[in-house]
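The following paragraphs lead the reader through a protein model, from its overall make-up to individual side-chain pairs. Please keep the structure in view while reading.

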Amino acid sequence: MEELFETPDYDTAEENSYHHYTLFDVTVDPGLKDDEGNELPRPFNKNQMRKWLKKVRWEKHKAEKRSKEKARAKERKREARAANIDLGPNRKMLKKMKLEKVKKNITIIIDLSFDHLMIEKDRYKVIKQLLRCYSINRRSEAPLQFHVTSFGEKAKIDISRHNGYENWDIGYHEKSYLELFPKEKLVYLSSESENVIEQFEEDTYYIIGGLVDHNKHKGLCHKLAVDQGIRHAQLPLDKYVNMKTRKVLTIDHVFEIVLHISEGMQWQETLLKVLPLRKGVHLCDSLNNSTSIIETSKENNIPV
């Protein structure tokens, strides 16, 4: 049978090696939904058919790809043991430790209300960063409370590529954080805020914008916080380190920084550990103590 058309390009060489699909290759029909989760009627147009074939290919090779990943992981573990490298706790131990750990009363919220501003590729990046936040948190000795808000249909479709996400130790909420948590206890973390925060308080909810926008919507999270009348603050990057690039960080980097500081690690040590080499990070020669620190005590409920 003649090929329907060429399938889209993929990032990895492994995926590029897959042959082009015809209808004879389709053993499982996953269907196709729009961004709101509604099943699209058939027949599909050419663009929809491309997306459908991409989904068919993903479903067909998901189990095979997962098997290869497990085999590679086993091989890395074998090599690490041979080199006497500590691998840390395995999944079974992590689950046992999870039941024994007492979480801090500090909450991180990932705000996923920006789906409409991102293309599919960038939405997938957000989900990958969310996955890394979960992984970092579950391995911590003092994990944070972790919630995801505005968890809509697009996010559900995107995250469904990761099997078992429903079992992650994350609170998923379709509602906004304003409908779920006390407004006076919310703090939106934004690099555009004029307030600088150095301590993360108990019984406080820190929001990270779930947005990958390549600087197309600069200042959006800060504007959102101001419009909603909730507190906002930026991390004290300028006080402790110099960076060659702009100081906008990924979701998982912000999450990891908050986690380490909450664990008691010092700011300079944390920033050097978390921030990637491409940021060109180096310590400041002298600390500037004149920066303002956001008031997060229960006595001050006035938005800053």
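A salt bridge is a side-chain nitrogen of Lys or Arg within 4 Å of a carboxyl oxygen of Asp or Glu. By that criterion, Lys-223 forms a salt bridge with Asp-227, the closest N and O atoms being 2.8 Å apart. This is a predicted model, in which local features need pLDDT of at least 70 and side-chain atom pairs count only at pLDDT 80 or more, while totals for chains, interfaces and linings use all residues. Residues are numbered from 1 along each chain as its sequence is written, and side-chain values use heavy atoms, with hydrogens and water left out.

The protein chain contains 9 helices and 8 strands; helices (H or I, at least four residues) and strands (E, at least two) are DSSP runs, numbered from the N terminus. Of its 304 residues, 43% count as buried, where buried means under 20% relative accessible area, exposed over 50%, and partly exposed in between (1.4 Å probe, protein chains only). Contact means heavy atoms within 4.5 Å. Among contacts with a separation of 6 or more, 73% are between residues 24 or more positions apart.

Strand β5 (residues 204-209) is mostly covered, with 6 of its 6 residues buried. In a regular strand the side chains alternate between the two faces of the sheet. In β5, Thr-204, Tyr-206 and Ile-208 on one side and Tyr-205, Ile-207 and Gly-209 on the other are all buried. Two strands pair if DSSP finds at least two bridges between them. Strand β1 (residues 106-111) runs parallel to β5 and is joined to it by 6 bridges, with Asp-111 having Gly-209 as its bridge partner. Strand β4 (residues 186-189) also pairs with β5 in the parallel sense, over 4 bridges, and here Leu-186 stands opposite Tyr-205.

Helix α6 (residues 220-228) packs its buried residues against β4, β5 and β6 (231-233). Which residues of α6 are buried? They are Cys-221, His-222, Ala-225 and Gln-228. Seen down the axis of α6, they fall within an arc of 135 degrees, and so they line one face of the helix; the arc is that of the directions from the helix axis to the C-beta atoms. The face turned away from this buried side carries the exposed residues Lys-223 and Asp-227. Asp-227 has a relative accessibility of 55%. After α6 comes Gly-229, with a positive phi near 70 degrees.

The largest nonpolar core has 57 residues, and those with the most contacts inside it are Phe-200, Leu-235 and Ile-257. A nonpolar core is a set of buried Ala, Val, Leu, Ile, Met, Phe, Trp, Tyr and Cys residues joined through side-chain atoms within 4.5 Å. Helix α8 (residues 251-263) supplies the largest share of this core, 7 residues. Among the residues that Ile-257 touches are Leu-235, Leu-249 and Trp-267.

The whole structure holds 9 salt bridges. In one of them, the side chains of Arg-132 and Glu-256 meet at 3.3 Å, N to O. This pair links distant parts of the chain, Arg-132 in helix α4 (residues 120-138) and Glu-256 in helix α8, 124 residues apart. Arg-132 is partly exposed at 38% relative accessibility, whereas Glu-256 is buried at 9%. Asp-252 is linked with both in a network of salt bridges.

Definitions and conventions:
Lists of a residue's contacts leave out its neighbours within four places in sequence.
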